[in-house]
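Hi,

Here is the model I promised to pass on.

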Amino acid sequence: MTWIFENWDRFWEVTEVHLRLSVVPVLIGFALSIPLGWWASRSQTARAVLFPLANVLFTIPSIALIVITPVLIGVKILDEINVIVPLVIYTVALMVRSVADALSAVPGNVIAAANAMGYRPLRRFLTVDFPLALPVTIAGLRVATVSNISMVSVGALVGLGGYGQLFTEGYQTDNSAKVFAGLIGTVVLAALADGLLLLIGRLLTPWARAGR
């Protein structure tokens, strides 16, 4: 802990990088997983294709994806996109099943009532289906966010990675204080992000609390 306070500027610098490399993939992956999850909730063929594909993608080691990304998209190895792209893939792989299951769990009688009231598909999705699917969706988003925060550190092996830089620097210089600072930062950031998403979920779904 003392290293953090004695080197606050350095710690805040890697915190900003870690936060950016964690949040951007989550936002992009979440946006992509909504239409994919909706498709999987409506089509058995889509489910049969997307779910196994998501499982396969999530089993690919993160360091392998980070190393191969610049080759695939033609950017420099130290570009942050090399961490963002793999984490977007992992986010989608985690979220697509959560979104699909959440939308599939919306009660049929509620959907029928909305249809009877003249709701068009897009309006029904935005005002009925997706809001009712939020509790499960937010739960999946919490898992994806915490996973991303932990995996960002792997990027340090190619010169990126936020707190991961403290891990590698601490190991190379035999400075355990740096390693512990990175560990503390990762745990605290993950806990704060999880708590924030939990709070947002409760604020957006007051009926879930009333039901309990």
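In this predicted model, α4 passes α5 in a right-handed crossing (a crossing is right-handed if the near helix is turned clockwise from the far one by less than a right angle, and left-handed if anticlockwise). The helices here are DSSP runs of H or I with at least four residues, strands are runs of E with at least two, and both are numbered from the N terminus. Helix α4 covers residues 62-73 and helix α5 residues 81-104; they pack at an angle of about 120 degrees, with axes 8 Å apart. The axes are lines fitted to C-alpha atoms over the stretch in contact, and angles run from 0 to 180 degrees between N-to-C directions.

Which residues make that contact (heavy atoms within 4.5 Å)? From α4 they are Ser62, Leu65, Ile66, Thr69, Pro70 and Ile73, and from α5 they are Ile81, Asn82, Val83, Val85, Pro86 and Tyr90. Sorted by class, that gives nine nonpolar, three polar and no charged residues. For the classes, Ala, Val, Leu, Ile, Met, Phe, Trp, Tyr, Cys and Pro count as nonpolar, Asp, Glu, Lys and Arg as charged, and the others, Gly among them, as polar.

α5 also packs with α7, at an angle of about 150 degrees and with the axes 8 Å apart. That crossing is right-handed too. On the α5 side the contact includes Leu87, Tyr90, Thr91 and Leu94, and on the α7 side Phe125, Asp129, Phe130 and Ala133 are among the residues. The contact divides into 14 nonpolar, six polar and one charged residue.

Ser153 sits in the loop between α7 (121-151) and α8 (163-172). Is Ser153 buried or exposed? Ser153 is buried, because its relative accessible area is 11% (buried means under 20%, exposed over 50%, partly exposed in between, with a 1.4 Å probe and protein chains only). Neighbours within four places in sequence aside, Ser153 touches His18, Gly161, Tyr163, Gly164, Phe167 and Thr186. Asp174 lies in the loop between α8 and α9 (176-204) and is exposed, at a relative accessible area of 72%. Asp174 is not a glycine, yet has a positive phi of about 55 degrees.

Now the whole chain. It has ten helices and zero strands, and the C-alpha trace spans about 65 × 40 × 20 Å along its principal axes. Of the 212 residues, 42% are buried. Among contacts with a separation of 6 or more, 71% join residues 24 or more positions apart. The chain exposes about 11400 Å², with carbon and sulfur atoms supplying 70% of that (Shrake-Rupley method, 1.4 Å probe).

From the record: the unreviewed UniProt entry places "domain: ABC transmembrane type-1" at residues 15-205, a span that is 83% helix and 0% strand in the model. The entry also annotates "transmembrane region" at residues 20-41, 53-75, 87-111, 132-160 and 180-204. Residues 87-111 are 88% helix, with end C-alpha atoms 34 Å apart, while residues 132-160 are 69% helix with ends 39 Å apart. Such annotations may be inferred rather than shown by experiment.

On the bookkeeping, residues are numbered from 1 along each chain as its sequence is written, and side-chain values use heavy atoms, with hydrogens and water left out. Local features need pLDDT of at least 70 and side-chain atom pairs count only at pLDDT 80 or more, while totals for chains, interfaces and linings use all residues.

Cheers

Technical notes:
Contact = heavy atoms within 4.5 Å.
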